[in-house]
Amino acid sequence: MSKVYVFDHPLIQHKLTYIRDEKTGTKEFRELVEEVAMLMAYEVTRDLPLEEVSVKTPVATATSKVIAGKKLGIVPILRAGLGMVDGILKLIPAAKVGHIGLYRDPETLKPVEYYCKLPSDVEERDLIVTDPMLATGGSAAAAISFLKERGARSIKLMCLIASPEGIETVQKEHEDVDIYVAAIDERLNDHGYIVPGLGDAGDRLFGTK
Ligand code: U5P
């Protein structure tokens, strides 16, 4: 069974409150999502392996550490996942960014991939898949399946808010994928929105409503 990490850091919780607030406008919403994604990236990368190197300081030679050649990739689920990319890139500027787009077939209700562009060496990279909202979990579970079909072997899922149902779906389908969230909310409503949640993350990020 994969692990679920809920970030209780005061800065993350404080910013999440303003992200939830319906009075928060597009500009501030976008900035806050970016900031929280950056803070979460700090924790998500905690287990990166280090190696020792020598570095000459102005005083002497120090034995110090650098990240041991790990290749990272960020894969936002279009479109709301885009809002988390720049924050993560601030901490990991060398990460490559792939994109995956899904829509739900109105008849079968199954997620269909309409866009996918990934780093060519996807099988060598540790991937962080982003979507601010893990609601039914259908999109994230399908996106992760599509990534695995293309050879991805190491995947983490980073969301701002999850529903218990969404977590269960991803854990059931992908027991190797750990999930990182800032909050787990009560439930889904009949329209598939997380309650209390923050509304439609894509619309709030891009001002389309
Ligand atoms: N979504 C929201 N807000 C919600 C619930 C879902 O913006 O309260 C968005 C997610 O960001 C996701 C899509 O991209 O709807 C479908 O989520 P899911 O039901 O497949 O988990």
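How many bridges join β9 to strand β11 (residues 161-162)? The points below take up this question and then turn to the ligand.

1. Basis of the note. The model is predicted, so local features need pLDDT of at least 70 and side-chain atom pairs count only at pLDDT 80 or more, while totals for chains, interfaces and linings use all residues. Residues are numbered from 1 along each chain as its sequence is written, and side-chain values use heavy atoms, with hydrogens and water left out.

2. The parallel sheet. Two bridges join β9 to β11, and these strands run parallel. Strands here are DSSP runs of E with at least two residues, helices are runs of H or I with at least four, and both are numbered from the N terminus; two strands pair if DSSP finds at least two bridges between them. M133 stands opposite I161 in β11. Three strands make up this open sheet, in the order β9-β11-β13. β9 and β13 (183-184) are at the edges with a single partner strand each, so one side of each has no neighbour in the sheet.

3. The hairpin. Strands β6 (residues 99-104) and β7 (residues 111-117) pair in the antiparallel sense over six bridges. I100 has C116 in β7 as its bridge partner. Six residues lie between the two strands of this hairpin, and L109 in the turn has a positive phi of about 60°.

4. The ligand shell. The ligand is surrounded by 15 residues, of which D131, T136, S139, G199 and A201 are the closest; a residue is near a molecule if one of its heavy atoms lies within 4 Å of it. Both β9 (133-134) and α4 (138-149) supply at least two residues of this shell.

5. A polar contact is a pair of N or O atoms within 3.5 Å. An N or O atom in the side chain of D131 is 2.7 Å from an oxygen atom of the ligand. A polar backbone atom of A135 is 2.9 Å from an oxygen atom of the ligand, and for a backbone N or O atom of A201 the distance to a ligand oxygen is 2.8 Å. The protein covers 85% of the 470 Å² of accessible area that the ligand has on its own (Shrake-Rupley method, 1.4 Å probe).

Technical notes: A polar contact is a pair of N or O atoms within 3.5 Å; within protein, one must be able to donate a hydrogen and the other to accept it, and residues adjacent in sequence count only if both atoms are side-chain atoms.
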